[in-house]
Structures are given as structure tokens and as C-alpha cells.
Amino acid sequence: MRCIIVSLCALILVFIGSPLAMAHGLDTMVKTQAESVNTQVLEQEVSRLVGQYPSVHIPSPLSIATDLLHHRNPFNVPQLLSGMGSAIAGDLAVEGRVLGIIFVLSVLAAVLGRLTDSLGQGGIAEISRLAVLSALILVALHSFGVAIVMVTNLIGDLWHLMEAIIPLIVVLMAGSGAFASAGIFHPLMLLTVNVVAMLTRDWVLPLILFATIVELVGHWLPKFSLHYLGQLLRTTGLTLLGGLMTLFLGVMAVEGAAGSVADGVALRTGKFLANTFVPVVGKMFSDAMEAVLGSSLLLKNAVSMVGALTIIVIVAFPLLKLFVMMFLYRLGAAATEPLNVGGVSATLATMANALGWLLAITGAVALMFFLVVTVVASASNGVIL
Amino acid sequence: MMLGVVGTWVKSLIIIVLLGNLAEFILPKGDLRRYTGLVVGLILLLAMVSPLWRFIQGAHPTVIERELLGAGTGQNLTAVIKTEEWNQATAMILSYPGVSSCVIRAGTHGGVEVAVSTAKSVVLSQLRSYIKGAIEIATGNAPASMQIRVNTGQTVKSFGTGNKRKE
């Protein structure tokens, strides 16, 4: 059913486009095609998402298509890099302050510990250690909470972006002649995106959060430690994500191959039929069809490029922030170790590990969505050739 | 919700750990403290294992069936299984040379009705026993009654077993 609708759309595209293909140049054709597809929803979504980073600008699909046609670079990379540089500086300033608090606390704890040692009362040293560690864990958990909220929001944003971009890609895919791919990929892409985003947001992230809390409690109060429970929770979450990713890659590979073969056969048959059986204008008709399909291909690749660029931009900044945080916590763990206050450096190392896992999860999800947009769109590129 | 269960579980474990540590701090040094450690450890073990135990105990096949198929259970599942079995039988019958279409429906009194049309002439008795065998293999037992209608293009022949009905 969906296949039929999609192929109808494609036929309409072909019939609208073909007279123009005769009359005007490639530029006009691309423009006409871009106007026949409504990219407004996508552009709104993109500008909403990228609006948080005013230094970066994502061009519209039409301008990308024209730029590519004239061999120009459609995206300003130095701008993105300088934006990322200033973001790193800002993150370092903010997170460095947290690290400074942690340093002061642990130095205080070390001094208190030595004082009470020389006074000969072990209990007070223990209490002071506990107080410092409590404050430290509060600070650390707060920044971890910020990180986890950031990652959750990021995954939600990616989800919305994908839901705005998938219908567009599917329509353009069918418009460039890849009916079978469009039919196969539409349910598949939606399923993948929803399952991955939902499982990551509702299962993997909470499991990592639980694991981190359990391990922090273990460092805080070393008696009755639940260290291995934390490991169990974390392994569960990461195994879920890993299995999901393996499944996704396998399915994508198989369906991609099947879809493009079916499309190639169908399109060649169509061209042959038009050439042979439509009396005088058959050859012309099939040439026009090919030209329109080709320009639709260009537009489709432009749309998928917009998607890929947006994913890169909105993922790059949070990933950088997570990376800076992880680095600073590692630095803190290394620097507080010589002070020899029990538990402080272990706590900081645990925090750094947890942030590392968050980094990995975000990266994996973003990679999967990126693959959906790029590989799936280019799996149907070979049809026309 | 599964994750809610996990969350409560982890929360209760953390609370037990906190209380245990508090007890360690408050109690004076001595025998009492040693035993408290043991008791808290045992409670922790119990709290950790009991949800798993409950989960294993609750995992009856009926429960899973209800989870999968929603309310209304048994009927639903049997219908699904029966349709699947008939599809298998249809596929088997279609593989008989000369058979062009085959429809299996539920007949009266728990029996089945098989409508077969053939493209070329076949030996009817052989086809009949083939169909019977196919249904027996697919459903696992011989049906209570069976109506077979064979449409050979020119003539329509009916066979019945159990409650017979001749046309």
C-alpha cells in the first residue's frame, strides 16, 4: 500500500518535471523540484535545534543542491570549528570551577586528617573524611545530573529531527526511482529510530545513572559496598545498546542490498519499455525521466546532507562538553591521589568513567541516526547509473 | 513498568546500605557490632535476591500468554495457532502437482472444509489421501470431519469423512 502511494508521488514528480526538463537548464530544474517538495517543516526543526549555537548556520537543501551543482562548498567548516573552540573554552571555565571546589575540599580533608592523626583521635579523622566526601559526592552528582539531562534532551532532539527528515527522504527516494528502497526503508527507518531512541532514553540512561549512584554510595560508605551491583546494572545497559546496534547494522546492510537490486531492475525495465513501445517520443521520454530522476537524486542527497550536518552540529557540542568534564574529573582523580584522603580519588575516577559511558552512548546513538540519514539515502543512489 | 521495578529495587538496596552504615557508626565497639554487620549483610542479600525469586515464581506460561495476547487469552492463541497450521497445510497441498488453488476453512462441528481446484486432471483418490495426510501432518491430528471439494475445471467432486454430505 505504502509502496503504491510512494510510487504515485514519484510519478507525479516525473510528470510535473519532465516538460521543464526539456525547456530549462539543470539549475531551474533543481529549483522547481525543490519547490515541489515542502522542506519547510525540516527547515523549521533544523533552525530550532541549531538555534542554541548562534555561531553555526545550516544551509537549506536548495542552496546545498545549487552549491553542489556549481562545485562550491555548501557548508562553512571553519565557522563550525571556531564555534566548537569557543564552546570548549566556555566548558573548561565552568567545569574548572567545579574542579576547583573539589580540590579545596580534598586539601581541607587532608589537613584535617593529619591534624587529628597528630592529636591521636581516629574517630574525628573518619568523620571529617566522611563530611568532605559527602560534599564532594553532592557536587559530582549535581554535575552528573546536568550531563544526563543534557544527553536525554539531545536524544529527544535527534528523535524529532529524524521524524522531520525521514518522510522527506523517502519521498525524494521514490522520486529518484528507488521505489522498492523507499517501500522497504520507510517502516524500517521509523522503527529503528523510535526503538533506538526510546530504549536509550528510557532504559540505557537510567541504568547507567543507577550504576553510578550505587558505585558512588559504595565509595562514600565503604562498609557494605554494592560495587558489583553497579557493574551488573551498567553491563545490562551497555549490552542492550550494543545488541541494538549490532541488530541495526545487520538489518540495514541486508535491506540496503535487497532494495537497491530491486530498484535497479524495476527502473531498467521501465526505461526499456518506454524506449521500445512508446512509438516516436519513447527515447525522449525515457531520457527526460532519467534527467528528472537525476535532479531528484541531487535534491535527496542535499536533504540527507542537511540531516547529517544538523546531527553533527547538535551532537558535537554536548559531546565536547562531556569530554571536557571527563577529562577534568580524570585530572582531579590523578591530582588528589597524593593527598591520600580515602575515597576521594576513587570517587572522581568513578565519575570520569560514568561520563565516559555517557559519551559512548551518545556517540553510538548519534552514529546510528547518522547512518540512517547517510547510508540509507545513498543505498538508493546507484539506481540511475 | 519494568524499569520502575528496577528503580525501587536499587533504591531499597541503597537505603539498607545507608542504615547499615549508620548502625556501624552508632553502635559501640564489641560483639554487638560484629553481629549487626552479619545481619545487615543477610538483609541486603535477601533484598537483592527476593525480586528475582518473585520474578521466577511468577513466570508461568499463562501469564506470558496473557502478556503477549492481551485479555481474552486462550481463544485468541488457539485461533492464531489454527490459522498458522492451516496455512502450512495449504502450502503442502499447493505443492501437489496440478493443484492451482486451495482454501481451508473451518467446517461444522470442529471439522475442516477444503476447497481445491486443479489445473489438469489428477487421480482423485490420490489427491484425497494427500490432502488428508497434509492436514494430519500440519495440525498434528486427524480432524473430526473433513469435506473435500475438488474442482477439476469441468466437474466438481465432493468427498466427506465423518458426518457425510454428498452433493
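This is a predicted model: local features need pLDDT of at least 70, side-chain atom pairs count only at pLDDT 80 or more; totals for chains, interfaces and linings use all residues.
Q: What makes A:Phe224 a buried residue?
A: A residue is buried if 20 or more other C-beta atoms lie within 10 Å of its own, exposed if 12 or fewer, and partly exposed in between, with C-beta atoms placed from the backbone. A:Phe224 has 21, so A:Phe224 is buried. Its place is in the loop between α7 (179–220) and α8 (227–277) of chain A, and its phi is positive too, near 50°.

Q: Why is A:Thr310 called buried?
A: The count for A:Thr310 is 24 other C-beta atoms within 10 Å, so the residue is buried. A:Thr310 sits in helix α9 (residues 282–336) of chain A.

Q: How do you know which residues A:Thr310 is in contact with?
A: Contact asks for C-beta atoms, placed from the backbone, within 7 Å. Leaving aside neighbours within four places in sequence, A:Thr310 has such contacts with A:Val46, A:Leu49, A:Val50, A:Ile58 and A:Leu161. The C-alpha atoms of A:Thr310 and A:Leu161 are 8.5 Å apart, although 149 residues separate the two along the chain.

Q: What makes a set of residues a nonpolar core?
A: The members are buried Ala, Val, Leu, Ile, Met, Phe, Trp, Tyr and Cys residues, joined through C-beta atoms within 7 Å. The largest such core has 109 residues, and A:Leu158 is among those with the most contacts inside it. Helix α6 (residues 122–175) of chain A gives the most to this core, 23 residues. A second, separate core has 15 residues, including B:Leu127 and B:Ile131.

Q: Why are α1(B) and α2(B) described as they are, by the angle between them?
A: Axes are lines fitted to C-alpha atoms, for helices over the stretch in contact, and angles run from 0 to 180 degrees between N-to-C directions. Helix α1 (residues 2–26) and helix α2 (residues 31–58) of chain B pack at about 180°, with axes 10 Å apart. Under 35 degrees counts as roughly parallel, over 145 as roughly antiparallel, 65 to 115 as roughly perpendicular and the rest as oblique. Therefore α1(B) is roughly antiparallel to α2(B).

Q: How do you know that β1(B) and β2(B) pair?
A: Pairing needs at least two bridges found by DSSP. Strand β1 (residues 99–106) and strand β2 (residues 112–118) of chain B have 7, in the antiparallel sense. B:Arg105 stands opposite B:Glu113 in β2(B). The two strands form a hairpin with 5 residues between them, and B:His109 in the turn has a positive phi of about 55°.

Q: How many bridges join β2(B) to β3(B)?
A: There are 6, and β2(B) runs parallel to strand β3 (residues 146–151) of chain B. B:Val114 has B:Ile148 in β3(B) as its bridge partner.

Methods: Residues are numbered from 1 along each chain as its sequence is written. Chains are lettered from A and ligands numbered from 1 in the order in which they are written. Helices (H or I, at least four residues) and strands (E, at least two) are DSSP runs, numbered from the N terminus. Two residues are in contact if their C-beta atoms, placed from the backbone, lie within 7 Å.
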